[in-house]
Amino acid sequence: MSFFFFLRPSSSSSSSSPQSLCLICTVFIFLVLFLINVEGFKPLIQLPRSPAARPRLETKILYVNQFGAKGDGVQDDTDAFRNAWKIACASITKASIVIPHDKKFLVRPISFGGPCRAKVTVTISGTIIAPKDPDVWHGLNPQKWLYFHGVNHLTVRGSGIINGRGHKWWSQSCKINATNPCEHAPTAIIFHRCKKLRVRDIALINSQRTHIAFTNSFRIVVSGIKMIAPASSPNTDGLHISSSSRVNIKDSIIRTGDDCISIVGNSSIIRIKNIACGPGHGISVGSLGMGNSWAQVHDVIVDQAFLAHTKNGLRIKTWQGGRGFASQITFQNVLMENVSHPIIIDQYYCDSLTPCLNQTLAVKVANISYVSIKGTSATEESVRFACSDSFPCEKLYLEEVQLLSYTGKNTSSFCWEAQGLTSGSVDPPACFSSNGTFIGQKADSGSALQSF
């Protein structure tokens, strides 16, 4: 039935009067205005409308040379970087700071502080270089060069290079010359109290000390980066993770003079995948418990790593007298070539010019798994578990471990207060003091990474 059935003239009438036609037109116009919206008339029935599209806000692009940076590697470009950061951090829309290619920007110690109003990206296409002379840090914090703090949703990316030019710092180190005082040196980049951070595709070379440090930070993804320094450079760790959680490191190359990756106190949910390491000191949990301190590291997975010509392989190191624990740590699918001490737990770690005192307290080490660890050892002793007398290592697990001598000799294992079990082929044979009844943890790195 037609909605306007009452508008039709009666079938009994052969024609309509002018008056009735006028009435019909008036009623029809009223109904149209009633059903649709016209300017100045609010209908009782609203017809559906398509939502208006939100306007897309453009990303603000800030080139450091717009702020006076010369990029000649001689003139000081620190103020230009600082001013560009101030504008980017204050922007209500996404902002991107661009360091152009084919230029070298000399930058003194600088702080990039948050919180910022919107997401910020730093794109490094050129080269950032540090001052050569350590005296530049006189009166400043000697442990910082490029310091990001309190910034959320930050991305640092690009095909460029960050060069710490650390040679003078190294020559002054007490590890190079015992007559030198043991003093601090800058970490190239520190991210402190940052959340939802991404670092990708950049290269760092010759840092004064550690190349990148994450401290008190949360939800970090690092991918496709390179860190390179001479094997003889002291304390030039690649990545250092401290008091941070949900850290995902993948697809990166680290060749330095110290730990490729070090994970220290109060860190958890760390995922490391597809890493090439060496030269250097391997992948380390610790050191933990220095100065009788309390520390914890748990829920760590290292999956698919290649270590070559490193001084250590997969290492957990704790000081005597410390407290806390290192637990739920899995190393799996690791290939080694000519690595000294491929698997090592050292609860008597002592990085000191003077001997360390024997102490009863220790960081508890438990639930540590080594699954599919294969390759060659530069030392006869390829597996070493030197655990605390008071707090033995418990629930150690070895599965499909094949560590042969690089020179063709036999390899051996050493255990002190180490308890655990094995599965599958293990060479050299394990030397555990007792076997537990636990089921060795075999972490699924794929599902674990989904938590990020």
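Visitor: How many aromatic pairs does a search of the whole structure find?
Guide: It finds 11. Rings of Phe, Tyr and Trp (its six-membered ring) pair if their centres lie within 6.5 Å; planes under 30 degrees apart are stacked, over 60 edge-to-face, the rest tilted. This is a predicted model: local features need pLDDT of at least 70, side-chain atom pairs pLDDT 80 or more, while totals for chains, interfaces and linings use all residues. Side-chain values use heavy atoms, without hydrogens and water, and residues are numbered from 1 along each chain as its sequence is written.

Visitor: Why is the pair of Trp85 and Phe148 edge-to-face?
Guide: The ring planes are at 75 degrees, so the pair is edge-to-face; the centres are 5.9 Å apart.

Visitor: Where do the two sit in the chain?
Guide: Trp85 is in helix α2 (residues 78–90) and Phe148 in strand β8 (residues 144–149), 63 residues apart. Helices (H or I, at least four residues) and strands (E, at least two) are DSSP runs, numbered from the N terminus.

Visitor: Is Trp85 buried or exposed?
Guide: Buried, at 4% relative accessibility. Buried means under 20% relative accessible area, exposed over 50%, partly exposed in between (1.4 Å probe, protein chains only). Phe148 is buried too, at 6%.

Visitor: Which aromatic cluster holds Trp85?
Guide: One formed by Trp85, Phe112, Phe148, Phe191 and Phe214.

Visitor: New topic. Which ring does the charged end of Lys144 sit over?
Guide: The ring of Tyr147, 3.8 Å from its centre. The criterion is NZ of Lys or CZ of Arg within 6 Å of the ring centre and within 35 degrees of the ring normal.
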